[in-house]
Amino acid sequence: MAPSIDNSRCVLVTGATSGIGRALALAIAALPSHPKVIGVGRRKDRLAGLKDAGIDAEEFDVNADRVKTKNFVEEMIQKYPEIDTLVLAAGVQREVNFKKEVDLDAIATELHVNYFSILAMISFFMPHFMTKSASGQPCLIAPVTSGLAYIPAPWIANYSASKAALHSLCSSLRVQLEDTEIGVIEISPPLVESELHDAEGTTEALSKFWMPLSEYTKETIAGFQRGDSVVCNGMAKNAYEKFEKPKEQMVSEMAKRAATHSK
Ligand SMILES: NC(=O)c1ccc[n+]([C@@H]2O[C@H](COP(=O)([O-])OP(=O)(O)OC[C@H]3O[C@@H](n4cnc5c(N)ncnc54)[C@H](OP(=O)(O)O)[C@@H]3O)[C@@H](O)[C@H]2O)c1
(Lines give C-alpha, C1' and ligand atoms only; values in the text may rest on other atoms or scores of the structure.)
Protein backbone atom coordinates (compact mmCIF):
# COMPACT_ATOMS: atom_id res chain seq x y z
CA MET A 1 0.00 0.00 0.00
CA ALA A 2 1.30 3.52 -0.79
CA PRO A 3 2.70 5.32 2.27
CA SER A 4 -0.05 7.96 2.36
CA ILE A 5 -1.24 9.86 5.43
CA ASP A 6 -4.75 8.84 4.33
CA ASN A 7 -3.95 5.30 5.56
CA SER A 8 -2.86 6.47 9.01
CA ARG A 9 -5.08 5.65 11.99
CA CYS A 10 -3.06 7.18 14.81
CA VAL A 11 -0.37 9.83 14.33
CA LEU A 12 2.18 11.01 16.90
CA VAL A 13 3.52 14.49 16.09
CA THR A 14 6.54 15.95 17.89
CA GLY A 15 7.04 19.72 17.80
CA ALA A 16 3.24 20.01 17.90
CA THR A 17 3.17 23.06 20.19
CA SER A 18 3.99 25.60 17.47
CA GLY A 19 4.74 26.34 13.84
CA ILE A 20 4.90 23.53 11.30
CA GLY A 21 4.33 20.65 13.74
CA ARG A 22 1.22 22.26 15.23
CA ALA A 23 -0.21 23.16 11.81
CA LEU A 24 0.38 19.63 10.48
CA ALA A 25 -1.11 18.06 13.62
CA LEU A 26 -4.30 20.14 13.25
CA ALA A 27 -4.53 19.52 9.50
CA ILE A 28 -4.00 15.75 9.91
CA ALA A 29 -6.70 15.61 12.62
CA ALA A 30 -9.07 17.35 10.18
CA LEU A 31 -8.52 14.83 7.34
CA PRO A 32 -11.66 12.99 6.14
CA SER A 33 -10.10 9.74 7.44
CA HIS A 34 -10.12 11.28 11.00
CA PRO A 35 -6.93 9.76 12.39
CA LYS A 36 -6.29 10.14 16.09
CA VAL A 37 -3.50 12.70 16.62
CA ILE A 38 -1.17 12.91 19.61
CA GLY A 39 0.78 16.17 19.89
CA VAL A 40 4.08 16.22 21.76
CA GLY A 41 6.02 19.19 23.13
CA ARG A 42 7.28 20.82 26.33
CA ARG A 43 5.19 23.97 26.77
CA LYS A 44 2.23 23.15 29.01
CA ASP A 45 0.02 26.08 27.92
CA ARG A 46 0.46 25.08 24.27
CA LEU A 47 -0.29 21.43 25.09
CA ALA A 48 -3.49 22.56 26.80
CA GLY A 49 -4.36 24.48 23.62
CA LEU A 50 -3.96 21.29 21.59
CA LYS A 51 -6.33 19.46 23.93
CA ASP A 52 -8.87 22.25 23.44
CA ALA A 53 -8.56 21.63 19.70
CA GLY A 54 -9.36 17.92 20.18
CA ILE A 55 -5.82 16.59 19.99
CA ASP A 56 -4.31 14.37 22.66
CA ALA A 57 -1.28 16.11 24.17
CA GLU A 58 1.78 14.58 25.78
CA GLU A 59 4.62 16.45 27.45
CA PHE A 60 8.12 15.28 26.57
CA ASP A 61 11.51 16.92 26.18
CA VAL A 62 13.17 15.22 23.19
CA ASN A 63 16.54 16.43 24.48
CA ALA A 64 16.48 13.36 26.73
CA ASP A 65 18.85 10.46 27.18
CA ARG A 66 18.09 7.15 25.48
CA VAL A 67 16.58 5.51 28.60
CA LYS A 68 14.04 8.34 29.00
CA THR A 69 13.29 8.25 25.27
CA LYS A 70 12.76 4.47 25.32
CA ASN A 71 10.47 4.79 28.36
CA PHE A 72 8.48 7.54 26.65
CA VAL A 73 8.06 5.47 23.48
CA GLU A 74 6.98 2.40 25.48
CA GLU A 75 4.49 4.54 27.42
CA MET A 76 3.07 5.94 24.17
CA ILE A 77 2.71 2.47 22.63
CA GLN A 78 0.96 1.20 25.76
CA LYS A 79 -1.38 4.20 25.91
CA TYR A 80 -1.99 4.43 22.15
CA PRO A 81 -1.44 0.94 20.65
CA GLU A 82 -2.88 2.19 17.34
CA ILE A 83 0.10 4.51 16.67
CA ASP A 84 1.17 3.78 13.09
CA THR A 85 2.61 7.15 12.04
CA LEU A 86 5.32 9.47 13.33
CA VAL A 87 5.67 13.09 12.24
CA LEU A 88 8.96 14.18 13.78
CA ALA A 89 8.92 17.99 13.66
CA ALA A 90 10.64 19.03 16.92
CA GLY A 91 13.70 21.08 16.05
CA VAL A 92 15.88 24.01 17.10
CA GLN A 93 18.13 26.38 15.17
CA ARG A 94 21.20 28.23 16.46
CA GLU A 95 23.74 30.47 14.78
CA VAL A 96 27.41 29.52 15.02
CA ASN A 97 30.43 31.70 14.25
CA PHE A 98 33.76 29.85 14.11
CA LYS A 99 35.66 33.16 14.25
CA LYS A 100 34.23 33.66 17.75
CA GLU A 101 33.88 31.21 20.63
CA VAL A 102 31.81 28.20 19.63
CA ASP A 103 29.29 27.07 22.27
CA LEU A 104 29.82 23.32 22.05
CA ASP A 105 27.02 22.62 24.53
CA ALA A 106 24.56 24.45 22.27
CA ILE A 107 25.94 22.57 19.25
CA ALA A 108 25.56 19.21 21.01
CA THR A 109 21.96 20.01 22.02
CA GLU A 110 21.05 21.12 18.50
CA LEU A 111 22.51 17.95 17.03
CA HIS A 112 20.74 15.82 19.64
CA VAL A 113 17.32 17.44 19.16
CA ASN A 114 17.50 17.66 15.36
CA TYR A 115 19.11 14.29 14.65
CA PHE A 116 19.89 11.79 17.41
CA SER A 117 16.58 12.10 19.28
CA ILE A 118 14.75 11.40 16.01
CA LEU A 119 16.93 8.39 15.19
CA ALA A 120 16.45 7.08 18.75
CA MET A 121 12.68 7.55 18.67
CA ILE A 122 12.42 5.78 15.31
CA SER A 123 14.54 2.87 16.52
CA PHE A 124 12.45 2.45 19.70
CA PHE A 125 9.17 2.53 17.70
CA MET A 126 10.48 0.09 15.12
CA PRO A 127 9.52 -3.26 16.79
CA HIS A 128 5.95 -1.92 17.17
CA PHE A 129 5.85 -0.86 13.52
CA MET A 130 7.37 -4.14 12.31
CA THR A 131 4.59 -6.06 14.11
CA LYS A 132 1.96 -3.83 12.50
CA SER A 133 3.65 -4.17 9.11
CA ALA A 134 3.71 -7.98 9.40
CA SER A 135 -0.06 -7.92 9.92
CA GLY A 136 -0.50 -5.79 6.79
CA GLN A 137 -1.06 -2.47 8.56
CA PRO A 138 0.77 0.36 6.75
CA CYS A 139 2.97 2.57 8.91
CA LEU A 140 4.62 5.89 8.16
CA ILE A 141 7.72 7.65 9.46
CA ALA A 142 7.93 11.34 8.51
CA PRO A 143 10.96 13.24 9.83
CA VAL A 144 11.07 16.98 9.12
CA THR A 145 14.35 18.02 7.49
CA SER A 146 14.89 21.33 5.63
CA GLY A 147 15.93 22.75 2.27
CA LEU A 148 19.16 23.57 4.14
CA ALA A 149 19.87 19.82 4.20
CA TYR A 150 20.76 20.17 0.48
CA ILE A 151 22.43 23.62 0.43
CA PRO A 152 23.83 24.63 3.86
CA ALA A 153 23.38 28.13 5.29
CA PRO A 154 26.88 28.92 6.66
CA TRP A 155 25.69 31.05 9.64
CA ILE A 156 23.60 28.12 10.90
CA ALA A 157 26.26 25.56 10.00
CA ASN A 158 25.45 22.92 12.61
CA TYR A 159 21.69 23.21 11.99
CA SER A 160 22.31 22.64 8.26
CA ALA A 161 24.59 19.69 9.01
CA SER A 162 22.02 18.15 11.38
CA LYS A 163 19.36 18.38 8.66
CA ALA A 164 21.74 16.94 6.03
CA ALA A 165 22.34 13.99 8.37
CA LEU A 166 18.59 13.53 8.85
CA HIS A 167 17.98 13.67 5.09
CA SER A 168 20.67 11.02 4.56
CA LEU A 169 19.09 8.86 7.27
CA CYS A 170 15.67 9.15 5.58
CA SER A 171 17.14 7.94 2.26
CA SER A 172 18.78 4.90 3.87
CA LEU A 173 15.80 4.07 6.06
CA ARG A 174 13.43 4.18 3.08
CA VAL A 175 15.56 1.63 1.21
CA GLN A 176 16.04 -0.59 4.30
CA LEU A 177 12.26 -0.73 4.78
CA GLU A 178 11.38 -1.26 1.12
CA ASP A 179 10.14 -4.81 1.73
CA THR A 180 7.88 -3.79 4.63
CA GLU A 181 4.65 -1.83 4.94
CA ILE A 182 6.58 0.98 6.65
CA GLY A 183 6.93 4.05 4.43
CA VAL A 184 9.37 6.89 4.96
CA ILE A 185 8.30 10.38 3.87
CA GLU A 186 10.82 13.18 4.32
CA ILE A 187 9.16 16.54 4.93
CA SER A 188 11.52 19.23 3.74
CA PRO A 189 10.26 22.79 4.27
CA PRO A 190 11.67 25.98 2.76
CA LEU A 191 11.68 29.12 4.95
CA VAL A 192 8.21 29.03 6.58
CA GLU A 193 6.41 31.28 9.05
CA SER A 194 7.06 29.90 12.55
CA GLU A 195 8.76 30.60 15.90
CA LEU A 196 11.97 28.79 14.87
CA HIS A 197 13.94 31.99 14.40
CA ASP A 198 12.77 33.73 17.60
CA ALA A 199 15.77 32.38 19.55
CA GLU A 200 18.19 34.31 17.32
CA GLY A 201 16.01 37.42 16.94
CA THR A 202 15.82 37.10 13.15
CA THR A 203 12.08 36.52 12.90
CA GLU A 204 11.15 40.03 11.77
CA ALA A 205 13.74 40.09 8.96
CA LEU A 206 12.84 36.60 7.75
CA SER A 207 9.11 37.26 7.87
CA LYS A 208 9.56 39.37 4.70
CA PHE A 209 10.55 36.23 2.77
CA TRP A 210 8.93 33.26 4.43
CA MET A 211 6.13 31.11 3.07
CA PRO A 212 2.88 31.67 4.98
CA LEU A 213 2.19 28.71 7.28
CA SER A 214 -1.33 28.14 5.91
CA GLU A 215 -0.04 27.87 2.32
CA TYR A 216 2.83 25.62 3.40
CA THR A 217 0.50 23.33 5.37
CA LYS A 218 -1.95 22.95 2.48
CA GLU A 219 0.80 21.98 0.02
CA THR A 220 2.47 19.64 2.48
CA ILE A 221 -0.71 17.78 3.37
CA ALA A 222 -1.35 17.29 -0.37
CA GLY A 223 2.13 15.73 -0.80
CA PHE A 224 1.59 13.64 2.31
CA GLN A 225 -1.68 12.33 0.86
CA ARG A 226 -0.06 11.54 -2.50
CA GLY A 227 2.67 9.68 -0.63
CA ASP A 228 5.56 11.64 -2.18
CA SER A 229 8.80 10.18 -0.78
CA VAL A 230 10.08 13.74 -0.21
CA VAL A 231 7.48 16.44 0.38
CA CYS A 232 9.18 19.72 -0.41
CA ASN A 233 8.13 23.16 -1.57
CA GLY A 234 9.62 26.41 -2.85
CA MET A 235 13.42 26.74 -2.60
CA ALA A 236 13.64 23.38 -0.84
CA LYS A 237 11.99 21.73 -3.84
CA ASN A 238 14.37 23.43 -6.31
CA ALA A 239 17.43 22.30 -4.35
CA TYR A 240 16.11 18.78 -3.78
CA GLU A 241 15.28 18.24 -7.45
CA LYS A 242 18.60 19.67 -8.69
CA PHE A 243 21.03 18.03 -6.26
CA GLU A 244 19.40 15.23 -4.28
CA LYS A 245 16.71 13.53 -6.37
CA PRO A 246 19.25 12.13 -8.86
CA LYS A 247 20.99 10.39 -5.93
CA GLU A 248 17.92 8.51 -4.67
CA GLN A 249 18.13 5.83 -7.39
CA MET A 250 21.84 5.39 -6.59
CA VAL A 251 21.06 4.75 -2.91
CA SER A 252 18.72 1.97 -3.94
CA GLU A 253 21.25 0.51 -6.41
CA MET A 254 24.00 0.61 -3.79
CA ALA A 255 21.81 -1.45 -1.42
CA LYS A 256 21.11 -3.99 -4.17
CA ARG A 257 24.83 -4.31 -5.00
CA ALA A 258 25.71 -4.75 -1.31
CA ALA A 259 23.02 -7.45 -0.97
CA THR A 260 24.39 -9.31 -4.02
CA HIS A 261 27.96 -9.20 -2.66
CA SER A 262 26.94 -10.51 0.75
CA LYS A 263 25.23 -13.60 -0.74
N1 LIG B 1 10.22 27.37 9.80
C2 LIG B 1 11.16 27.16 8.90
O3 LIG B 1 11.58 28.07 8.15
C4 LIG B 1 11.72 25.78 8.73
C5 LIG B 1 12.40 25.48 7.55
C6 LIG B 1 12.91 24.21 7.38
C7 LIG B 1 12.75 23.26 8.37
N8 LIG B 1 12.08 23.57 9.51
C9 LIG B 1 11.93 22.52 10.54
O10 LIG B 1 10.57 22.36 10.86
C11 LIG B 1 10.46 21.84 12.18
C12 LIG B 1 9.45 22.68 12.95
O13 LIG B 1 10.00 23.96 13.16
P14 LIG B 1 9.14 25.30 13.15
O15 LIG B 1 9.64 26.13 12.08
O16 LIG B 1 7.70 24.96 13.20
O17 LIG B 1 9.65 25.95 14.53
P18 LIG B 1 8.94 26.28 15.91
O19 LIG B 1 7.68 27.03 15.70
O20 LIG B 1 10.01 26.90 16.74
O21 LIG B 1 8.58 24.83 16.48
C22 LIG B 1 9.56 23.99 17.02
C23 LIG B 1 8.88 22.89 17.79
O24 LIG B 1 9.89 22.01 18.30
C25 LIG B 1 9.61 21.75 19.66
N26 LIG B 1 10.84 21.49 20.40
C27 LIG B 1 12.02 22.17 20.33
N28 LIG B 1 12.89 21.67 21.22
C29 LIG B 1 12.24 20.64 21.84
C30 LIG B 1 12.61 19.74 22.88
N31 LIG B 1 13.82 19.77 23.47
N32 LIG B 1 11.70 18.81 23.28
C33 LIG B 1 10.48 18.76 22.73
N34 LIG B 1 10.08 19.59 21.74
C35 LIG B 1 10.94 20.52 21.33
C36 LIG B 1 8.91 23.00 20.18
O37 LIG B 1 8.08 22.66 21.28
P38 LIG B 1 8.30 23.12 22.80
O39 LIG B 1 9.11 24.38 22.81
O40 LIG B 1 6.92 23.26 23.35
O41 LIG B 1 9.00 21.95 23.40
C42 LIG B 1 8.07 23.39 18.97
O43 LIG B 1 6.84 22.71 19.01
C44 LIG B 1 11.87 21.87 12.78
O45 LIG B 1 12.44 20.58 12.69
C46 LIG B 1 12.61 22.84 11.86
O47 LIG B 1 13.98 22.59 11.82
C48 LIG B 1 11.56 24.81 9.71
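1. In what follows, Ala, Val, Leu, Ile, Met, Phe, Trp, Tyr, Cys and Pro count as nonpolar, Asp, Glu, Lys and Arg as charged, and the others, Gly among them, as polar. On that basis, the shell around the ligand holds 14 nonpolar, 11 polar and 5 charged residues.

2. The model is predicted: local features need pLDDT of at least 70 and side-chain atom pairs count only at pLDDT 80 or more, whereas totals for chains, interfaces and linings use all residues. Residues are numbered from 1 along each chain as its sequence is written, and side-chain values use heavy atoms, with hydrogens and water left out.

3. There are 30 residues around the ligand, and those that come nearest are Thr 17, Ile 20, Arg 42, Tyr 159 and Ser 194.

4. Polar contacts are pairs of N or O atoms within 3.5 Å. A polar side-chain atom of Thr 17 lies 2.7 Å from a ligand oxygen atom, and a polar side-chain atom of Arg 43 lies 3.0 Å from an oxygen atom of the ligand. Val 62 takes part through its backbone: an N or O atom there lies 2.8 Å from a nitrogen atom of the ligand.

5. On its own the ligand has 870 Å² of accessible area, of which the protein covers 95%; the areas come from the Shrake-Rupley method with a 1.4 Å probe. Helix 1 (19–29) and helix 5 (157–176) are the elements that give two or more residues to the shell. Helices are DSSP runs (H or I, at least four residues), numbered from the N terminus.

6. Axes are lines fitted to C-alpha atoms over the stretch in contact, and angles run from 0 to 180 degrees between N-to-C directions. The axes of helix 5 and helix 8 (residues 234–261) come within 10 Å and cross at roughly 40 degrees.

Notes:
Near = heavy atom within 4 Å. Polar contact = N/O pair within 3.5 Å; in protein donor to acceptor, adjacent residues only side chain to side chain.
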